[in-house]
2 protein chains.
Amino acid sequence: MASEKTVGVLGGGQLGRMLVEAANLLEIRVNFLDAPGSSAKQVSAHEGHVDGSFKRREAIQELANRSDVVTVEIEHVDTYMLEEIANEGHDVQPSWKTIRTIQDKYDQKWHLKKFGVATTESLALEENTVKQLEKISGELGLPLMLKSKKDAYDGRGNYAIKTKTDFKPALDVLGAKGELYAEKWANFRMELAVMVVKTKDGVFSFPTVETLHEDSICKLTYAPARGVSKEINKKAQELAKQAVSCFWGKGVFGVEMFLLMNDELLINEIAPRPHNSGHYTIEGCPISQYEAHLRAILDLPLAQEDLELREPSIMLNILGGEAPDSHLLVARKALEQRRTKIHLYGKGEARKGRKMGHITVCAPTMSQAERLIQPMIDFVDRDKPKPSFTLSRTTSTTTSNTTNTPAEPTAQTPEPLVAVIMGSDSDLPVLQPGLEMLKKFSIPFTVRITSAHRTPNWMAEFASTAPTTYPSLRAIIAAAGGAAHLPGMAAAYTPLPVIGVPVKPSIGDGMDSLLSICNMPRGVPVATVSINNSVNAALLATRIIGSSDVEIRGKYEQYMQDSMNEVRGKDETLARMGYEQYAVEFLSKK
Amino acid sequence: MASEKTVGVLGGGQLGRMLVEAANLLEIRVNFLDAPGSSAKQVSAHEGHVDGSFKRREAIQELANRSDVVTVEIEHVDTYMLEEIANEGHDVQPSWKTIRTIQDKYDQKWHLKKFGVATTESLALEENTVKQLEKISGELGLPLMLKSKKDAYDGRGNYAIKTKTDFKPALDVLGAKGELYAEKWANFRMELAVMVVKTKDGVFSFPTVETLHEDSICKLTYAPARGVSKEINKKAQELAKQAVSCFWGKGVFGVEMFLLMNDELLINEIAPRPHNSGHYTIEGCPISQYEAHLRAILDLPLAQEDLELREPSIMLNILGGEAPDSHLLVARKALEQRRTKIHLYGKGEARKGRKMGHITVCAPTMSQAERLIQPMIDFVDRDKPKPSFTLSRTTSTTTSNTTNTPAEPTAQTPEPLVAVIMGSDSDLPVLQPGLEMLKKFSIPFTVRITSAHRTPNWMAEFASTAPTTYPSLRAIIAAAGGAAHLPGMAAAYTPLPVIGVPVKPSIGDGMDSLLSICNMPRGVPVATVSINNSVNAALLATRIIGSSDVEIRGKYEQYMQDSMNEVRGKDETLARMGYEQYAVEFLSKK
């Protein structure tokens, strides 16, 4: 065994199951406290498990006695029992203090605020009355989110109050659920999540992912988050690490946050355990969130490098549906898809909305992963009313009253692999044949005007931020004529390969453009093609992408083959009909 | 569950364990017949398992009664019992006929030969005597391999006979092991292996991998095989599929083969089950060999695309060592390594050479994977006598008498990412600063002379086979002067990005070279840099590699930063000392 220590877990659901799947690989013994035959126990056959509810005092005591480290796969546990066993000398990770603070969402927010961590502004209700809500809405404004402090998950215990007429219905729904608090409305454009690992040596993080919720339940995660700059990605990781650093003990934490319209990040919620938004790590990263949790609580080595993304990954939850076997239809459909990894949790009977499994698709590019997952999204959405083509998500049919909704659509265009820039729109006609060629290879691109001389700052900003604005970018094509500084200046600002297209000016033969682009000083290369030859620039970009993308490489080889066949065909015709006839038939038409 | 059918497996070792790990994800029930607490049963808690030896008749009957499909994780089973239960109507996959034919290695060879599949030439001994061996060595030549027909694995049951003096010792060792046969010596340069999947719909294959054996036990597998052309890779897959097509039933098959000095491929051995050489598929492919086996025997969908490689992957076996915990030291060392996935099999007590686990490392390039695994290879080799620096492996200390050994060293230099070619060695001085720059970025490259005019065929061969000769290649740098056809001709033969360096001839300013390289027709691009500027060619290649390799991208960004700092430093000095003093201090020295 990789560790001599035995782990005891309160709860044996799907998170426990995936935890012990990781533990099995390391011969780490894990004892679960849950009902017999629970999800986790099905894949861990030994005598150390404890049967019964993880809320029972004696059972928790028994689990602690059998285990060297006690941890949880759910935060809705009795932290006073955990405190007791910790005081008896048992090792509880993360600390009961952490779990207690986090399980009360208002305390959680308050704790983060105390440590200066950016989070949604919150106010507790002194009493569950309309009068209180009137007072609080005066302070936080409307709309606002009304939330139960405890035992809330997957949107249960949340109510979005849009106008004053919602006060009464909101209290009718949540009023009986104990103490409530109100959160200022977060006008977010995207929800992000970061899995953080706290070990004895430090705080590490998995990549920033984008989460999409439906009916307040996580539906999809995209790793990395799409259309999010490197800076925001990094900032989200830093914020998540800062948040987790405020808590006691070791283990993985799921940190959910809002990315606001102004690029500000606010912590939404923290889970002191493996999290749905981290399932993708099983296939997506060298080490999964589950193995990371084990390494953290058992003081085994771990480093940031183990948590980096291997390939873009998309996770889709498989939820219980209307029929008891709806989720199995999804799983069977997934078997028919390519490059799809299926995880079923062995939870038996499905209830609508219950998490029964998930699927993960990894691919060399996010666009490929999106193409691979699309049939599955279509399948799970097959019975849903189609959303009307509206620009605002708030009117879409999937909106529920229990969660914040993004303030604007996150219309997903494929991520550009090539950025095509020009000094002036007069260069566009020269670029067009190249753009057509990129289209022919189905290579997504973006086209912009960034003049080196008339918009020097915009040019500099575009070129220097291009790799973070579009993490998918593989090359930049820059066209310019005359003094033709754009390709060279772009190359000065970016580490990406820059391909320069000399444009023939209205006066002169274009040699000025060619030499201005080609004769760069040592240290700053530009890949120069011949005058006005945007087609070759596009083909060069395609070769660059194909140098590490087998699909594109294959298409390029086909292009070479087609091009050869075309010339061979012409040669055959020429030989057959003789050059004089050929000239009449074909060349005179040109 | 993804399938309603229950699987029954004879044997519950590590292959069974990894099989059920895949089955658990799909909620497929698997019953194992093996001792209680065996490796596979540890991760599958239910009442359907059968305790006892997988050689016991009643136990096999009981397993069959409880299962819809019966399969094996080891071929050393009683095929007469399997035949019996198949005749009773039980579904046995692959067929008992397949297992019976394969478990007798001589029958296996004979069967392949009958179907015209290339395999090592073999002759059975009529009696285990020196006289027989004299006769057979007359036909097959010496050296030859003497092998037990049955129950041989990991080199046990093999004896390499080099001279006639080995006849007696060979018979002393193997003579008691039942029937023997002799194999013609295969003068191979490499051992390859392919996992093949036979389903109701067809025969599919995982990539071709390179296997390295030590003391006749598989030590390492490299996926894809290093330094093997695309053609040979494909040919190996085809041969493996052809071989498996000759057998009955469904499931995965491990096909081991020799790549001879003349690039001929010969089947060495086939295993009718998941195989050590396919462990890498767990992390390396969208679907593992284990899931593929389940899909095949349960008639679930599967396609070739699911079996493609996600990233280059290296697998290292963890074997039992001198001490009972030697293998745990290896696992603990592996925990300290980065991006390392550890698999321990739960087999308890180690014996020397027993397979206790394995580790897999995946990385975006094979060179990165090699760098990551190296400390682990060094660790498992820590007590081995260091091999002397000899060119011939046959004299190395790891050679044993129980296996064929490669005929020549497979000296591993890092795979080149860039090929640098020139029309004439007179271009080398111009290229040297560029080569130095590639070295600075630790980018492996290869340098060749391929004149377009004096060696047109060699130039064409080099350029057209470069992507298969060096699957790692990301770009070609081609230097030429005067008519300067090399870069354009290379581009005509390869789909890789070609960077052209115009070389200034002894007469003229080099504009002839520049225009000849740059002004390519539409359809065949060359990335042209300025005259003699091999440094920019190298930097452009680095940008191309960095466009999909974060490590190189990071280095390039550092290079840009350093270069900026250098100029800023000069500017500061210039401002401080004034231009006159600066010119005296710095420029006069140049």
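Two strands count as paired where DSSP finds at least two bridges between them, and the helices (H or I, at least four residues) and strands (E, at least two) named in these legends are DSSP runs numbered from the N terminus. The model is predicted: local features need pLDDT of at least 70, side-chain atom pairs count only at pLDDT 80 or more, and totals for chains, interfaces and linings use all residues, while side-chain values use heavy atoms, with hydrogens and water left out. Residues are numbered from 1 along each chain as its sequence is written, and chains are lettered from A and ligands numbered from 1 in the order in which they are written.

**View 1. The hairpin of strands E13 and E14 in chain A.** Strand E13 (residues 251-260) of chain A runs antiparallel to E14(A), and six bridges join the two strands. Within this pairing, A:Met257 has A:Ile267 of E14(A) as its bridge partner. Four residues lie between the two strands of the hairpin, and in the turn A:Asp263 has a positive phi of about 70°. Strand E14 (residues 265-271) of chain A is mostly covered, since seven of its seven residues are buried, where buried means under 20% relative accessible area, exposed over 50% and partly exposed in between (1.4 Å probe, protein chains only).

**View 2. B:Phe258 in strand E13 of chain B.** B:Phe258 is found in strand E13 (residues 251-260) of chain B, and its relative accessible area of 3% is why it is classed as buried. From B:Phe258 to B:Asn533 the separation is 275 residues in sequence and 45 Å in space, C-alpha to C-alpha.

**View 3. The open five-stranded sheet of chain A.** The strand order is E3-E2-E1-E4-E5, with parallel pairing. Strand E3 (50-51) and strand E5 (91-92) of chain A stand at the edges and have a single partner strand each, so one side of each lacks a neighbour in the sheet. Further in, strand E1 (residues 7-10) of chain A pairs with strand E2 (residues 30-34) of chain A over four bridges in the parallel sense, and A:Leu10 stands opposite A:Leu33 in E2(A).

**View 4. Strands E1, E2 and E4 in the open sheet of chain B.** Chain B also has an open sheet of five strands, in the order E3-E2-E1-E4-E5 with parallel pairing. In chain B, strand E3 (50-51) and strand E5 (91-92) stand at the edges, and each has a single partner strand, so one side of each is without a neighbour in the sheet. Strand E1 (residues 7-10) of chain B pairs in the parallel sense with E2(B) over four bridges, and four bridges likewise join E1(B) to strand E4 (residues 69-72) of chain B, again running parallel. B:Leu10 takes part in both pairings, with B:Leu33 as its bridge partner in E2(B) and B:Val72 as its bridge partner in E4(B). Five of the five residues of strand E2 (residues 30-34) of chain B are buried, so this strand is largely enclosed by the rest of the structure; B:Val30, B:Phe32 and B:Asp34 lie on one side, and B:Asn31 and B:Leu33 on the other.

**View 5. Helix H14 of chain A and the kink at A:Ala463.** The 14 residues of helix H14 (residues 456-469) of chain A should span 20 Å at 1.5 Å a residue, which agrees with the 18 Å between its end C-alpha atoms; the expected span is 1.5 Å times one less than the number of residues. A kink of about 30° lies at A:Ala463, shortly before the proline A:Pro467, the bend being the angle between axes fitted to the seven residues ending at a residue and the seven starting there. Buried residues of H14(A) include A:Met459, A:Phe462, A:Ala463 and A:Pro467. The buried residues of this helix pack against several elements of chain A, among them helix H8 (230-245) and strand E20 (475-481), together with helix H18 (550-587) of chain B.

**View 6. The largest nonpolar core and the contacts of B:Ile477.** A nonpolar core is a set of buried Ala, Val, Leu, Ile, Met, Phe, Trp, Tyr and Cys residues joined through side-chain atoms within 4.5 Å. Of the 61 residues in the largest such core, A:Val418, A:Ile477, A:Ile499, B:Val418, B:Ile477 and B:Ile499 touch the most other members. Not counting residues up to four places away in sequence, B:Ile477 touches residues including B:Val418, B:Leu431, B:Ile499 and B:Ala541, where contact means heavy atoms within 4.5 Å.

View 7. Chain B superposes on chain A (RMSD 0.2 Å) through a rotation of 180° with 0.0 Å of shift along its axis.

Conventions:
Least-squares fit on C-alpha atoms with pLDDT ≥ 70 in both.
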